Amino acid sequence: MITTLSSPSRTQESAVATKTLGVSEYLTEKSILFFPARLDKSSIFKDLIDSMDLDDPELALKEVLYRELWGQTMIAPGLAIPHARLPNLARISAAFGICQKGIADPKATEKRPSIYLLFVGPSHDVRQHLGFLAASSSLFQTKGLAERLLKLTTPASVLAQLRAAERAL
């Protein structure tokens, strides 16, 4: 059986475009953290989750760690996107962690992650969750972005670099 998909109308396209937010729209200076090398993932995830001001950070950490047991989401060398879906969450919440020297992760088979974009999304809205993953993947296909981010030293400069990359997409 062959299935053909019709192209969305301009009205549908603009509705989707207005609903899709950039990754930077989910971040604040408070949710961008810098880590010394040799920390374990659990400690990093806990700090990132604590920066997101969630109602139940313990549940978020438990769910993210559980999801990681099934496999790490790497969208580029050195960039991991740990994530989970949570009940009673209205929208995506995200945090960004940078470790210029790489983070201790014995399970990493390639380059150890230096950048973590951790997010949690509502369990009732898979589309929002997948949209954020797609936006993240698109953003980090930007040539040289990860390398530029690793050279930055302040949350404000990281946020500015992410926004500039998103505008260029």
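Lys30 counts as exposed because its relative accessibility is 51%, and exposed means over 50%. The model in which this residue is seen is a predicted one. Lys30 is placed in the loop that runs between helix H1 (10-19) and strand S1 (32-34). Although exposed, Lys30 has partners from elsewhere in the sequence: with residues up to four places away left out, Lys30 touches Ser51 and Asp53. The contact with Ser51 includes a polar one, in which the side chain of Lys30 reaches the backbone oxygen of Ser51 at 3.4 Å. Lys30 can also be located relative to Ala95: the two are 65 residues apart in sequence, and their C-alpha atoms are 8.5 Å apart in space.

The protein chain has 169 residues, and 42% of them count as buried. Its secondary structure consists of 6 helices and 6 strands. Read from the N terminus, the order of these elements is α-β-α-α-β-β-β-β-β-α-α-α. Of the contacts between residues at least 6 apart in sequence, 68% join residues at least 24 apart. The chain presents an accessible surface of about 9,800 Å², and carbon and sulfur atoms account for 55% of that surface.

The charged pairs come next. How many salt bridges does the count come to? The count comes to 2 salt bridges. One of them joins Glu68 to Lys41, with the closest N and O atoms 2.9 Å apart. Are the two partners buried or exposed? Both Glu68 and Lys41 are buried. For Lys41 the reason can be given in numbers: its relative accessible area is 16% and therefore Lys41 is classed as buried, the limit being under 20%. The side chains of Lys41 and Glu68 also make a polar contact, at 2.9 Å.

The other salt bridge is formed by Lys46 with Asp50, where the closest N and O atoms are 2.8 Å apart. Both residues lie in helix H2, 4 residues apart, which is about one turn of the helix. Lys46 counts as partly exposed because its relative accessibility is 41%. Asp50 is likewise partly exposed, with a relative accessible area of 39%. Helix H2 is thus the place of Lys41 as well as of Lys46 and Asp50.

Glu166 lies in helix H6 (residues 155-168). Glu166 is buried but has no salt bridge, and the nearest side chain of opposite charge, that of Arg163, is 5.8 Å away. What does the side chain of Glu166 reach at 2.6 Å? The side chain of Glu166 reaches the backbone nitrogen of Val23 at that distance, 2.6 Å. Val23 is one of the residues in contact with Glu166 when neighbours within four places in sequence are set aside; the others are Gly22, Ser24 and Leu139.

Leu89 is placed in the loop between strand S4 (83-86) and strand S5 (93-98). With a relative accessible area of 15%, Leu89 is buried. Not counting residues up to four places away in sequence, Leu89 touches Leu54, Val120, Gly121, Pro122 and His124. Leu89 and Asp125 are 36 residues apart in sequence, and the distance between their C-alpha atoms is 9.5 Å.

Leu69 is found in helix H3 (residues 57-69). Together with Tyr66 and Trp70, Leu69 forms a nonpolar patch on the surface, and the accessible area of the three residues together is about 430 Å².

Technical notes:
Residues numbered from 1 in each chain as written. Predicted model: local features only at pLDDT ≥ 70, side-chain atom pairs only at ≥ 80, totals over all residues. Heavy atoms only, no water. Patch = residues over 30% accessible without salt bridge, like charges linked within 9 Å, V, L, I, M, F, W, Y side chains within 5 Å. Areas by Shrake-Rupley, 256 points an atom, 1.4 Å probe, with all protein chains shown as cover. Salt bridge = Lys/Arg side-chain N within 4 Å of Asp/Glu carboxyl O. Helix = DSSP H or I, 4+ residues; strand = E, 2+ residues; numbered from the N terminus. Buried < 20%, exposed > 50% of the residue type's maximum accessible area, 1.4 Å probe, protein only. Lys, Arg positive; Asp, Glu negative; His and termini not counted. Polar contact = N/O pair within 3.5 Å; in protein donor to acceptor, adjacent residues only side chain to side chain. Contact = heavy atoms within 4.5 Å.
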